[in-house]
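Q: I would like to learn how to read a protein model, one feature at a time. Can we go through one together?

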Amino acid sequence: MTSESLNKQNVLVTGSTGFVGRPLCEKLLINAFSVRGCVRIANAPKNQPSGVQTALIESIGSDTDWSDALTGIDTVIHLAARVHVIDEDAGSPLAEFRRINVAGTKRLARQAAVAGVRRLVFLSSVKVNGEGKPVPYTESDPLAPEGPYGVSKREAEDVLRQVALDTGLEVVIIRPPLVYGCGVKANFLNLTKAVERGLPLPLACITNARSLIYLGNLIDAIVTCAKHPQAAGKTFLVSDGEDVSTPKLVQLLATALDRPARLIPFPPSLIRLAGKLTGKSMAIERLLGSLVVDSSKIRRELGWKPPFTMAEGLSETAKWFKEQC
């Protein structure tokens, strides 16, 4: 074994073929990490970047056996989670979120500690803080999650802190706001489609502020938290640091797509009413409401700064969209 291999950090990434996981694995490889990707589907290895080892896990829960996947691992980056489900068919949605996001995370952390893993980086969510308020969220704010996903992420954070106290495992928690970039789905993709098609959007009168984070910036923050000595035991809110209103985001997207921004004035109160009548109040509120995070802690304590501007992130997203969608 060479001295280089002895110094190489061995990382396990759960959810390694997902929206965040795949480009994260590629970034880790570039940064000379040895990467093992943990996936739940037998045919998923073909989606792994070249150079990533594969560990198969049938399901995530309180009885998952992570021992083989954790062998020889120094750091775990835990991305895999149950996220938002559009057509929820579980009898108890919160129970299902807890099974994967809470019990599954606790099981992984305890087995990681037993296996001698030094650090676990957990991708949480700003939804642990809440769904928005007039001033920016900070890491020291009281937590007020809404909905099964946010509640389960908060509970997962709690069990990780307890495991850290019990075992000495270094836990780092990252809470991003909305993540955009190549491969983005859901509301951001729908907004991108609307702007690309030149649809008139009744958003000109909205005066909110939203924090976002480009996928490349989030990945850079995760890698920083995986290797920085001062990250141990910390929780960080992360963002691009360029908070924008919904109309401004539409204008930036339109520029990136080389399309006109067709914004028309319309009373926000009537947009909210339409949301109630159509059962889409939550989606409408994400367009109208404010959700801003203060990401100064990670910048101050770890010296991190986003390597990409929002304009650069949107440009890459638009390029991907034109090629793939």
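Q: Is Thr 192 buried or exposed?

A: Start with how much of a residue can be reached by a probe. Buried means under 20% relative accessible area, exposed means over 50%, and partly exposed lies in between, using a 1.4 Å probe and protein chains only. Thr 192 has 2% relative accessibility, so it counts as buried.

Q: What should I know about the model itself?

A: This is a predicted model: local features need pLDDT of at least 70, side-chain atom pairs count only at pLDDT 80 or more, and totals for chains, interfaces and linings use all residues. Residues are numbered from 1 along each chain as its sequence is written, and side-chain values use heavy atoms, with hydrogens and water left out.

Q: Where is Thr 192 placed, and which residues does Thr 192 touch?

A: Two terms come first. Helices (H or I, at least four residues) and strands (E, at least two) are DSSP runs, numbered from the N terminus. Contact means heavy atoms within 4.5 Å. Thr 192 is in helix α6. Not counting residues up to four places away in sequence, Thr 192 touches Leu 253, Leu 257 and Phe 321.

Q: Is Leu 257 buried or exposed?

A: Leu 257 is buried, because its relative accessible area is 2%. Leu 257 lies in helix α8. Beyond residues up to four places away in sequence, Leu 257 touches Thr 192, Val 195, Glu 196, Ala 318, Phe 321 and Lys 322. Now look along the chain. Leu 257 and Lys 319 are 62 residues apart, with their C-alpha atoms separated by 7.7 Å.

Q: How do I describe α6 and α8 together, and at what angle do they cross?

A: Two packed helices are described by the angle between their axes and the distance between the axes. Axes are lines fitted to C-alpha atoms, for helices over the stretch in contact, and angles run from 0 to 180 degrees between N-to-C directions. Here helix α6 (residues 186-196) and helix α8 (residues 246-257) have axes that come within 10 Å and cross at roughly 65 degrees.

Q: Is the crossing of α6 and α8 left-handed or right-handed?

A: Picture one helix near you and one far. The crossing is left-handed if the near helix is turned anticlockwise from the far one by less than a right angle, and right-handed if clockwise. The crossing of α6 and α8 is right-handed.

Q: Which residues make the contact?

A: On α6 they are Phe 188, Leu 191, Thr 192, Val 195 and Glu 196. On α8 they are Leu 249, Val 250, Leu 253, Ala 254 and Leu 257. Sort them by type. Ala, Val, Leu, Ile, Met, Phe, Trp, Tyr, Cys and Pro count as nonpolar, Asp, Glu, Lys and Arg as charged, and the others, Gly among them, as polar. The contact of α6 with α8 has eight nonpolar residues, one polar and one charged.

Q: How many aromatic pairs does the structure hold?

A: A pair of aromatic rings is described by the distance of the centres and the angle of the planes. Rings of Phe, Tyr and Trp (its six-membered ring) pair if their centres lie within 6.5 Å; planes under 30 degrees apart count as stacked, over 60 as edge-to-face and the rest as tilted. The structure holds four aromatic pairs. One of them, Tyr 180 with Phe 188, is stacked, at 5.4 Å centre to centre and 15 degrees between the planes. Both Tyr 180 and Phe 188 are buried.

Q: Why is the pair of Tyr 180 and Tyr 214 called tilted?

A: The planes of Tyr 180 and Tyr 214 are at 40 degrees, with ring centres 5.6 Å apart, so the pair is tilted. This pair links distant parts of the chain: Tyr 180 is in strand β7 (residues 178-180) and Tyr 214 in strand β8 (residues 212-214), 34 residues apart. Tyr 214 counts as buried, because its relative accessibility is 8%. Ring pairs join Tyr 180, Phe 188, Tyr 214 and Phe 308 into a cluster.

Q: Which ring does the charged end of Arg 82 sit over?

A: A charge sits over a ring if NZ of Lys or CZ of Arg is within 6 Å of the ring centre and within 35 degrees of the ring normal. The charged end of Arg 82 sits over the ring of Phe 97, 4.7 Å from its centre. For Lys 297, the ring is that of Phe 236, with the charged end 5.4 Å from the centre.

Q: What is the phi of Ala 186?

A: The phi of Ala 186 is near 60 degrees, a positive value in a residue other than glycine. Ala 186 lies in helix α6. Ala 186 counts as exposed, because its relative accessibility is 53%. Asp 258 also has a positive phi, about 60 degrees, although it is not a glycine. Asp 258 is in the loop between α8 and α9 (268-278).
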